[in-house]
Amino acid sequence: MRRRHGALLASAALLLPQVAAAQDHDLRDLITTKSGKELRGRVATPFARDTIALQQGGKRVRVERSDIASMDTVADRLAEFLRRRQQFVDKDAAHAPLYEWAKSRGLDRMADLHAMERCIADDHGFGHEALGHQKRGGEWLWPHAGKQRTLAQLEKALADEPLTLTGERFAVRIDGNLRGGIHALFDLERMGVCFMAECGESIGLSEALQPVLVDIRSSTARFQ
């Protein structure tokens with residue numbers, strides 16, 4: 001029997017402990033059985049040969065793979081979102097529809113991350129509006145640590161009040177360079193998709209149901 005590994009990339013030395021906030025009521029995955037029964041939760045063992053583990057809050061439901069007609073998972077939707085994002089990255093008119101596509105498929109955090117990146121890349125109005133940003137004196141304001149700040153003020157404030165950006169499999173904590181942090185998180189999510197696709201079945205990876213936190217600092221002196 002092949003050894004079952006824990007969360008995605010759990011052995012990677014650069015990754016810190018998982019983000020503490022558990023998603024106890026995350027029911028975004030859907031398993032439909034051959035009898036027509038629908039089971040919601042998060043698929044914890046997508047590559048298991050015989051029995052799939054479906055996490056439903058604090059309990060796990062075992063589903064025989066032979067009884068499954070179809071699975072609709074966050075993992076599949078995430079891979080499709082990143083593929084679409086890469087395809088439409090240079091097409092300005094596609095960014096708002098891509099945001100709506102992600103939102104409609106339960107990828108709220110990735111949608112907001114995309115809108116945030118657009119705000120910084122070209123001060124895109126749709127991104128600010130999607131994130132609920134307010135405008136004052138011709139400048140968009142970003143909420144952070146209980147205050148409304150311009151982007152320049154936010155970047156400066158991060159040195160003393162770091163920000164955690166959360167995706168699906170990963171989160172990054174940054175103390176500056178917001179744009180770089182966003183791009184790092186997108187890169188990590190792409191790496192996760194590729195790693196699961198290339199190695200998931202062969203080594204029996206389980207899904208990362210809570211984002212793994214990566215601490216990114218502007219200098220080595222800022223690490224505790």
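**View 1. The buried residues of helix H6.** Leu178, Gly181, Ile182, Leu185, Phe186, Leu188, Glu189, Gly192, Val193, Met196 and Gly200 are the buried residues of H6 (buried: under 20% relative accessible area with a 1.4 Å probe, protein chains only). An α-helix has 3.6 residues a turn, so residues three or four places apart point the same way. This is a predicted model, in which local features need pLDDT of at least 70. Residues are numbered from 1 along each chain as its sequence is written.

View 2. H6 covers residues 178–203 (helices are DSSP runs of H or I, at least four residues; strands are runs of E, at least two). Its 26 residues reach 35 Å from first to last C-alpha, close to the 38 Å expected (1.5 Å times one less than the number of residues). A kink of about 40 degrees is centred on methionine 196 (the angle between axes fitted to the seven residues ending there and the seven starting there).

**View 3. An open sheet of five strands.** The order is S4-S3-S2-S1-S5, with antiparallel pairing (strands pair if DSSP finds at least two bridges between them). S4 (59–64) and S5 (68–72) stand at the edges with a single partner strand each, so one side of each lacks a neighbour in the sheet. From one strand to the next, the twist averages 40 degrees (axes are lines fitted to C-alpha atoms; angles run from 0 to 180 degrees between N-to-C directions).

**View 4. The S3 and S4 pairing.** Six antiparallel bridges join S3 (residues 51–56) to S4. Leucine 54 has valine 61 in S4 as its bridge partner.

How values were computed: Predicted model: local features only at pLDDT ≥ 70, side-chain atom pairs only at ≥ 80, totals over all residues. Heavy atoms only, no water. Buried < 20%, exposed > 50% of the residue type's maximum accessible area, 1.4 Å probe, protein only.
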